[in-house]
Amino acid sequence: MSLWTRLTAWLALIFGLTYFLLPLIGMAEFSLKMRRGVYSLDAYAKVLGDPRFQETFTYSVVMALFTIAFGVLLVVPTAYWVRLKMPWARPYVEFVTLLPLVIPAIVIVFGYIRLYNTSSWLPLTGTAMGTNVLLMFGYATLALPYMYRAVDTGLRTIDVATLTEAAQSLGAGWITVLGRVILPNVLVAVLSGAFLTFAIVIGEFTMAALLNRPAFGPYLQVLGANRAYEPAALSVIAFAITWACMGLIQLATHLSKHTKAPR
Amino acid sequence: MSFLTIEHLEKSFGANRVVKDFNLGIEKGEFVSLLGPSGCGKTTVLRMVAGFETPSTGRIAIGGKDVVDLRPNQRNIGMVFQSYALFPNLTVADNIGFGLKVAGKPRAERTARVQEMLKLIGLSELGDRYPFQLSGGQQQRVALARALAPSPHVLLLDEPLSALDAKVRVSLRNEIRAIQKKLGITTIFVTHDQEEALSMSDRIVVMHGGIAEQVGTPFEVYNRPATKFVANFVGMLNTLSAEVIDAATGRVRIGGTEATLRRPLPEGKVMLAARPEMISLGLQPGRDTVLDGTITSVDFFGSVIRLRARVDGSDLAFDMFNTTEEPPPAPGTDVRLSLLASDLLLIGEN
Amino acid sequence: MQPEQGTRRGALRRLPLVWVGIAPFVLFVTLFLILPTLKIVIGAFQAGDGSFTLQNIRDLATGSIPAAFWISIKISVASALLGCAIGFAMAAAMILGGLPAAIRGPLLTFSGVASNFAGVPLAFAFLATLGPLGLVTVFLRTQLGIDLRALGFNILSFWGLTITYLFFQIPLMILIITPALDGLKREWREAASVLGATGPQYWRMVALPILFPSLLGTFALLFANAFGAVATAIALTGSSLNIVPILLFAQIRGDVLGNPNLGFALAFGMIVITGIANTIYIWLRARSERWLK
């Protein structure tokens, strides 16, 4: 490896890191500047004490949890079934799961608003609960590419057919096979997908704003339009949550490697 | 002065010396194998010749010209890798023509040379295929053609047969040797398979722990191993513990019999070794030492039958040819074995 | 049990039964992905009374809409190109540049975080850095006497948005291209080198053609990613920058275009653009991957 290659590599890395670290530092520094002349946590105190923050944040967390539960229930059996019984359909299913990466979220939610409004055959937006359900489906759609990929990758590493036959020969039914055999074996993949879903839902803005739900993302945007320091503090919190989700994915993967090592 | 000379070559990775004072001269057109277990430094020597590794000290010269400071693409060397390493995005013809293309040869010359090479490896019809459409053996032949197309001074083969099926391995082995002889190209062949080394090489370098333990023709390496390692690594060995009676004439006691090796031996107990083919069933003319034993197993390989007999508490393997008249002795049969004592190899003292 | 009869009867029954297993999935994607999209597509070709018309599509060429599409495409292309280039450079530096192996894990984890750190918080991070009172802006002005504003830089502009988008574009590129770079075998480089090729020749004739499909796919993905990004743009610029997602957002909220069906056409236009990007991708990929079947 020539010196020149090494030098270029370091330069590329340092350039990249500078670009990534500056906004984070800028954001963190700004969030501490609320009190004139000194660094303080005033912005954080103010934000955390705001009942609107507590409401919207709780709302988003609950939505994230429901989305994860729904996503797992939808994706795990589907991916499993496709691998086991319909391998020929895998490319098509995969294509469909990747569509949300291509069709912008704003277009999808626009479709929801027109399709499920009060005068339609399924008036989900007519009630708050109906809208919540619709938003949850929307989040599940957004998370679908990530969730499906994670679970499908997880299933690839285990021999689905043999595990199923082994369990069935011992008298297990479909529910038992899925819940007791398949799910534990792809738990790490499911967790990865779950944390990623959490990170996506917590900060999501477009769908929540257009469906008029009191979620964290729209709250953040409104606050940003009216305040100076609090949004920076909230961004730091949002970044910390994303970081924690990714850290948990790493941790899950790491732990699973350890349990699987002595094979 | 040899065509390719390697002098006092050393290579260390950190504190780990993987090649120690390696010396070798290879004549033009010679086929030399580097044989040894994994981690013996044979691949590192090859990679230093290719230019992928820089020697810690030492000299490598090709055609009298020192190449240590040259980059791989300036050395005019052909190399074949264990994993074929064909470029997956190029057709067979484009793979073979790659070296000529980067050398800026005109298209007509390239096409002619590629055709010639395809013919040489017997794949004239497959020029338009992509590597993934070929079998392993075909891919490796294309890799050979690609390495040879720019007419390199030296051909390096890094375990080219290890990834192939047993059958393909044997046929490709003969093919590589035939092509090498036809082109008269100086070749270094790295392998851990002694059968490949013995059958293909003009000379073999047996390596162990970064050191060349012995350099010699296949006949020499097999029949007169210079060290205990070479004796053990090349070919199969039966070991016999013996007690030296007369060190000067090499008279020893093996179990219940005595034998004379007709060469000086150390005092005390020694470990002797015999190749399976040195031992014959029954008394044979020219064999001066007789051992009594009981057959323990018979493995029928076809033309050759490998038998094992228990002699003085140790198992001896030996071979006999298949004959149509007589089946081999069954396990449990008491047999008499004979060998020529001076054939016995000394592999250790204790 | 007569096995032959059993299997025949089983096969007859299995065909619909097999579908039952993915029925929930099919139902879900139909209701919440396919139908909503179709609704938009159909609506784009309907007049207010539901009859077929091309007027909505024609109206896309009026007012501020063409400019919005144009600047959206420019931002998406610029941020995708730069994201690909810089992400590739960083991934290549990490894998091929001889950097310490310890960098790899943290960099990939960080990429995972940063590629998901989009939307509103990201906009605030950049406002706090490159905005009028941002860290870098203030530092350059007070310490080095460089006034970004005077130089024509504004975070609420084409370049401001592009630089902000890069924060999730680059890491996404790193995440996607790293496995592809890992897939480049050392032997290919060595084989090329021993055949006389220089480093640039190896890259031009072997490595880049092999990586091309992945590069292309990532580009298409990054393009769609930037084209559909609403939250970052709105939080960063409010409604001061006229790009398609912001326009559509305003239209859905309050029918600013004064024609509901023009909204459909606008959304349809977005699908067409990302659809074209992906069709080009699929077509080029098929062409460049002949060697993979």
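**Exercise 1.** How much area do chain C and chain B bury between them, and what percentage of it is on carbon and sulfur atoms?

*Solution.* Keep in mind that this is a predicted model. Start with the residues that meet: 21 residues of chain C are in contact with 23 residues of chain B. Next comes the area, and here the two chains bury about 2,100 Å² between them. Carbon and sulfur atoms carry 68% of that area.

**Exercise 2.** Find the salt bridge across the interface of chain C and chain B, then look at which parts of chain C touch chain B.

*Solution.* The rule finds one salt bridge across this interface. Its partners are Glu190(C) and Arg47(B), whose side chains meet at 2.6 Å, N to O. On the chain C side, α9 (186–194) and α10 (199–227) each supply at least two residues. The largest share, eight residues, comes from α9(C). Sorted by type, the residues on this side are twelve nonpolar, four polar and five charged.

**Exercise 3.** Look at Tyr84(B) and Ala85(B): what is phi for each, and is each buried or exposed?

*Solution.* Begin with Tyr84(B), which sits in the loop between β6 (77–80) and α2 (92–102) of chain B. Its phi is near 65 degrees, a positive value in a residue other than glycine. Tyr84(B) counts as buried because its relative accessibility is 13%. Now take Ala85(B), found in the loop between β6 and α2 of chain B. Phi of Ala85(B) is positive too, near 55 degrees. With a relative accessible area of 1%, Ala85(B) is buried.

Methods. Residues numbered from 1 in each chain as written. Chains lettered and ligands numbered in written order. Predicted model: local features only at pLDDT ≥ 70, side-chain atom pairs only at ≥ 80, totals over all residues. Heavy atoms only, no water. Contact = heavy atoms within 4.5 Å. Buried area = accessible area lost by both parts, 1.4 Å probe. Salt bridge = Lys/Arg side-chain N within 4 Å of Asp/Glu carboxyl O. Helix = DSSP H or I, 4+ residues; strand = E, 2+ residues; numbered from the N terminus. Nonpolar A, V, L, I, M, F, W, Y, C, P; charged D, E, K, R; others polar. Buried < 20%, exposed > 50% of the residue type's maximum accessible area, 1.4 Å probe, protein only.
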